Amino acid sequence: MVSFYYSPVMYGLNDVTVPDGGSSFGARIYYPSEEVEVRDVPILGGRYPLVAFAHGDRRAERSLCPADRTEDYKRWGSVLHLLARCGFVVISPAMDDVLSDSEAAAIRLEK
């Protein structure tokens, strides 16, 4: 496996819909790439470790904007793209509907 820690590469991201029984949930995937563009670009050839990222629950903090929490999984790009640039594939699934149930949240991360 190639390490990009000292020589980061570019990154790409894709928004996907993951089937979940009779429903589905959104997820954003970050990955190493050689392209200057970010959206829907090819992954850089190779094998990469996978990081599953679960965002936290901010329901208790009403002052945070925006009020809609359904897209929180997309709001971590300033952190998660750095992992992709260093040779990780990162998936950030929507967790807003399962955060109150730790078992359901764990199952979501396993999908």
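Are Phe 4 and Tyr 48 buried or exposed? Select the two and look: both are buried. Keep in mind that this is a predicted model.

Stay with those rings for a moment. By the ring-pairing rule, the count comes to two aromatic pairs. In the pair of Phe 4 and Tyr 48, the ring centres are 6.4 Å apart and the planes meet at 35°, so the pair is tilted. This pair links distant parts of the chain: Phe 4 sits in the segment before β1 (10-20), while Tyr 48 is in the loop between β2 (23-33) and β3 (50-52), 44 residues apart.

Next, select Phe 53 and Trp 76. Their ring centres lie 5.1 Å apart with planes at 55°, so this pair is tilted. Phe 53 and Trp 76 lie in the loop between β3 and α1 (77-85), so the pair ties together parts 23 residues apart in sequence. Phe 53 has 18% relative accessibility and counts as buried, whereas Trp 76, at 33%, counts as partly exposed.

Now switch to the cartoon and find the sheet. Four strands make an open sheet in the order β1-β2-β4-β3, with mixed pairing. β1 and β3 are at the edges with a single partner strand each, so one side of each has no neighbour in the sheet. From one strand to the next, the twist averages 20°.

Zoom in on β1 and β2, which pair in the antiparallel sense over eleven bridges. Pick Val 18: its bridge partner in β2 is Phe 25. Over the face of Phe 25 you'll find Arg 108, at 4.0 Å from the ring centre.

Technical notes. Residues numbered from 1 in each chain as written. Predicted model: local features only at pLDDT ≥ 70, side-chain atom pairs only at ≥ 80, totals over all residues. Heavy atoms only, no water. Phe/Tyr/Trp six-rings, centres within 6.5 Å; stacked < 30°, edge-to-face > 60°. Helix = DSSP H or I, 4+ residues; strand = E, 2+ residues; numbered from the N terminus. Buried < 20%, exposed > 50% of the residue type's maximum accessible area, 1.4 Å probe, protein only. Lys NZ or Arg CZ within 6 Å of the ring centre and 35° of its normal. Pairing = 2+ DSSP bridges. Axes fitted to C-alpha atoms, helices over the stretch in contact; angles between N-to-C directions.
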